[in-house]
Amino acid sequence: MLWARDAFFYHIYPLGFCGAPRHNDYSLPATPRLLKILDWIQHIKELGVNALLLGPVFESGSHGYDIVDYQQIDRRLGDKGTFQQLTSRLHENGIRIVVDGVFNHVGRDFWAFKDVVKKGRQSEYVSWFDRVDFTAGSPYGDPFSYEGWEGHYNLVKLNLQNPAVKAYIFSAVKKWLDLYDIDGIRLDVAYCLDSSFIQELAALGKSVKRDLWLMGEVIHGDYNRWVNPSLLDSVTNYECFKGLYSSHNDKNYFEIAYSLNRQFGEKGLYKDLMLYNFADNNDVTRVGSILHNPAYLYPLHALLFTMPGIPSVYYGSEWGIAGKKGDGSDEDLRPALDLTVVSKNSPNKDLAKAIRRFAQIRKEHKALREGNYRQLLVRSRQYAFFRQTRDEAIVVIVNSSSQSAAVDLEIPVDGSMLLDLVNNGAKFPIRNRKAYIPLSPYWTRILEVRR
């Protein structure tokens, strides 16, 4: 997807962001809480965002991943008109929208599952769900057992081999495309989905919208298994998610350097893929809480916006807000935020400014969006790499130390000087393809090679 190569995503978990009740009351009318996002459009545009990843918005029982009806917007967030207004305003502002597609499982309030609970073996929907067994019971007291996602029996696994199930889901997806003009779908727990289902979904979606972007949640494994012309356009880069924070906490840039070289170096496994990069999301402890030192937020985000792939920022993390994953609870990760309050009271007020600058540099320099990757230098607390296209070459250096440092670099191409795109246009001479570059504490240099 050509548009995704140039994307900078902002990720919102809408039920939390909009302050929706934790549990759905199906007797209540729709409340247009989604329109709160309209108040944030100017802010995210100023950050440089041009794509919004929106967590679950379809009718569910509680957290959005326990789907009740794929055809309806969650009444706690609004209705069809609410979502149409939101997508229209986003598109008017040059922001594409990608929604969460939760197709592996549904909630216990899903209409077809309720029919099985009510009618038992006589229900025509028994085959819609995995491993329904009327010789055993469920943890909820049902006179049958069934497959729950990873042992969570409030999340009932769908039988995606069933043509009727696929027809129902594909009908809903077509409705999303027709009614809301969405630009992409994130496939929740894509690592659990049958490849045949993904293939059919991709064919359907792209027959309706040619440039529809499909991204899968994948925790581990070979990303090439999912990203290829017949399946997905991208997957979540969890390998580098871990490397981004632990390389800083452990004072060990060798970790993230190893991952990036393994993925995108000369013999990289994924050198031709555009992976979805992130520092946190609605399922993991926020980067502002997991880093041992908040100063690390700056070199970390410099890496996020200059490494190969598509960068994403989770709402509020542009100020490094706190949020820790609890035992059995993700509530702390998914707060309702007031834009004025969080922007004024954050202890990391300058981070958003830095992200804005990194995003602008990435937008202006194709080498940072599409260029190949080459490692130049790795120390425990300094790391340098090179991005290059046919017409442009960029050197990126980060320093996670509390002390100033300096590096001697071998520049892989001819040039007379390095122009600093971050730090007031500082210039450093290149002599015999070598350059000496001083570094400030907890900071970066993004350097364009000038002939």
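# A tour of the domains and selected residues

Start by colouring the protein by domain: domain 1 covers 3-107 + 156-366, domain 2 covers 108-155, and domain 3 covers 371-450. The model is a predicted one.

**Stop 1: domain 1 and domain 2**

Select domain 1 and domain 2 together. Their centres, taken over C-alpha atoms, are 30 Å apart. Domain 1 brings 22 residues to the contact, and domain 2 brings 16 residues. An interface is often sized by the accessible area lost when the parts come together. Between domain 1 and domain 2 the buried area is about 1600 Å², with 62% of it from carbon and sulfur atoms.

**Stop 2: polar links across the interface**

Keep both domains in view. One salt bridge is found across the interface of domain 1 and domain 2. To see a salt bridge up close, select Asp 130 and Lys 157, which form one with their closest N and O atoms 3.4 Å apart. Counting residue pairs in polar contact, with both residues at pLDDT 80 or more, gives 10 between domain 1 and domain 2.

Next, select the side of domain 1 that touches domain 2. At least two residues of this side come from each of β4 (67-73), β6 (105-107), β8 (152-157) and α6 (163-180). By residue class, this side has 14 nonpolar, six polar and two charged residues.

**Stop 3: Thr 87**

Go to helix α4 (residues 80-92) and pick out Thr 87. Is Thr 87 buried or exposed? Its relative accessible area is 3%, so Thr 87 counts as buried, the cut-off being under 20%. Now show what surrounds the residue: leaving aside residues up to four places away in sequence, Thr 87 touches Ile 97 and Tyr 180. A polar atom of the Thr 87 side chain lies 3.3 Å from the backbone oxygen of Tyr 180.

**Stop 4: Asp 181**

From Tyr 180, move along to Asp 181, in the loop between α6 and β9 (184-187). Look at the backbone here: Asp 181 is not a glycine, yet its phi is positive, near 55 degrees. Asp 181 is partly exposed, at 39% relative accessible area.

**Stop 5: Arg 131**

Finish at Arg 131, in the loop between α5 (111-119) and β7 (148-149). With the side chain shown, turn to accessibility: Arg 131 has a relative accessibility of 64% and so counts as exposed.

Definitions and conventions
Residues numbered from 1 in each chain as written. Predicted model: local features only at pLDDT ≥ 70, side-chain atom pairs only at ≥ 80, totals over all residues. Heavy atoms only, no water. Domains from an automatic or database assignment. Contact = heavy atoms within 4.5 Å. Buried area = accessible area lost by both parts, 1.4 Å probe. Salt bridge = Lys/Arg side-chain N within 4 Å of Asp/Glu carboxyl O. Polar contact = N/O pair within 3.5 Å; in protein donor to acceptor, adjacent residues only side chain to side chain. Helix = DSSP H or I, 4+ residues; strand = E, 2+ residues; numbered from the N terminus. Nonpolar A, V, L, I, M, F, W, Y, C, P; charged D, E, K, R; others polar. Buried < 20%, exposed > 50% of the residue type's maximum accessible area, 1.4 Å probe, protein only.
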